[in-house]
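Take a look at the protein below.

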Amino acid sequence: MEGVAVVKRSEDPYEDFKGSMMEMIVEKNMSEMAELEQLLSCFLTLNAKRHHRAIVRAFSEVWVALFSGGNDGSRRSSVQLSDYDEC
């Protein structure tokens with residue numbers, strides 16, 4: 001995945017992460033589960049642990065928005081929000 005990491009201070013990291021994810025998804029025309037999970041991995045790798053919970057919350061909301069139209073169990077992400085309770 002190509003892109004540029006930008007250092008940014010934020011009043012609302014959750015909204016900024018969500019907006020950034022949506023922008024990347026649209027620009028790169030991402031729709032496959034593996035692509036989206038790779039995007040999540042990049043966000044987690046590039047950002048401090050204190051932001052991981054906001055990143056996973058934003059990812060979860062984006063995921064639901066993209067895939068809520070069907071009940072296809074194969075579209076379930078292996079990411080669990082509860083994995084980040086301590087972040």
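In H1, the buried residues are Tyr14, Phe17, Lys18, Met21, Met24 and Ile25. Buried means under 20% relative accessible area, exposed means over 50%, and partly exposed lies in between, with a 1.4 Å probe and protein chains only. Seen down the axis of H1, these buried residues fall within an arc of 130 degrees, so they line one face of the helix. The arc is taken from the directions that lead from the helix axis to the C-beta atoms. Turned away from that buried side is a face with the exposed residues Glu23, Val26 and Glu27. The cover over the buried residues of H1 includes H2 and H3.

This is a predicted model: local features need pLDDT of at least 70, side-chain atom pairs count only at pLDDT 80 or more, and totals for chains, interfaces and linings use all residues. Residues are numbered from 1 along each chain as its sequence is written, and side-chain values use heavy atoms, with hydrogens and water left out.

The overall plan comes next. The protein has three helices and zero strands. From the N terminus on, its elements run α-α-α. Helices (H or I, at least four residues) and strands (E, at least two) are DSSP runs, numbered from the N terminus. Of the 87 residues in the protein, 26% are buried.

Back to H1 and its length. Its 15 residues should span 21 Å at 1.5 Å a residue, and its end C-alpha atoms are 21 Å apart, which agrees. The expected span is 1.5 Å times one less than the number of residues. Just after H1, Asn29 takes a positive phi of about 50 degrees.

Helix H2 covers residues 33-46. Its 14 residues reach 20 Å from first C-alpha to last, close to the 20 Å expected. Which residues of H2 are buried? They are Leu36, Leu39, Leu40, Phe43 and Leu44. These cover an arc of only 135 degrees around the axis, which puts them on the same side of H2. The face turned away from this buried side carries the exposed residues Ala34, Thr45 and Leu46. Helix H1 (13-27) and helix H3 (52-67) are among what covers the buried residues of H2.

Now to the core. In soluble globular proteins, nonpolar side chains tend to be buried together. Here the largest nonpolar core has 19 residues. Such a core is a set of buried Ala, Val, Leu, Ile, Met, Phe, Trp, Tyr and Cys residues joined through side-chain atoms within 4.5 Å. Met21, Leu36, Leu39 and Ile55 have the most contacts inside this core. H1, H2 and H3 each supply at least two of its residues. H3 gives the most, with eight residues.

Met21 shows who meets whom. Leaving aside neighbours within four places in sequence, Met21 is in contact (heavy atoms within 4.5 Å) with Leu39, Phe43, Ile55, Ala58, Phe59 and Val62.

Ala58 is found in helix H3. At 0% relative accessibility, Ala58 counts as buried. Beyond four places in sequence, Ala58 is in contact with Tyr14, Phe17, Lys18 and Met21. Ala58 and Asp16 are 42 residues apart in sequence, yet 8.9 Å apart in space, C-alpha to C-alpha.

His52 also has its place in helix H3. At 13% relative accessibility, His52 counts as buried. Its side chain reaches the backbone oxygen of Leu44 at 2.9 Å.

Conventions:
A polar contact is a pair of N or O atoms within 3.5 Å; within protein, one must be able to donate a hydrogen and the other to accept it, and residues adjacent in sequence count only if both atoms are side-chain atoms.
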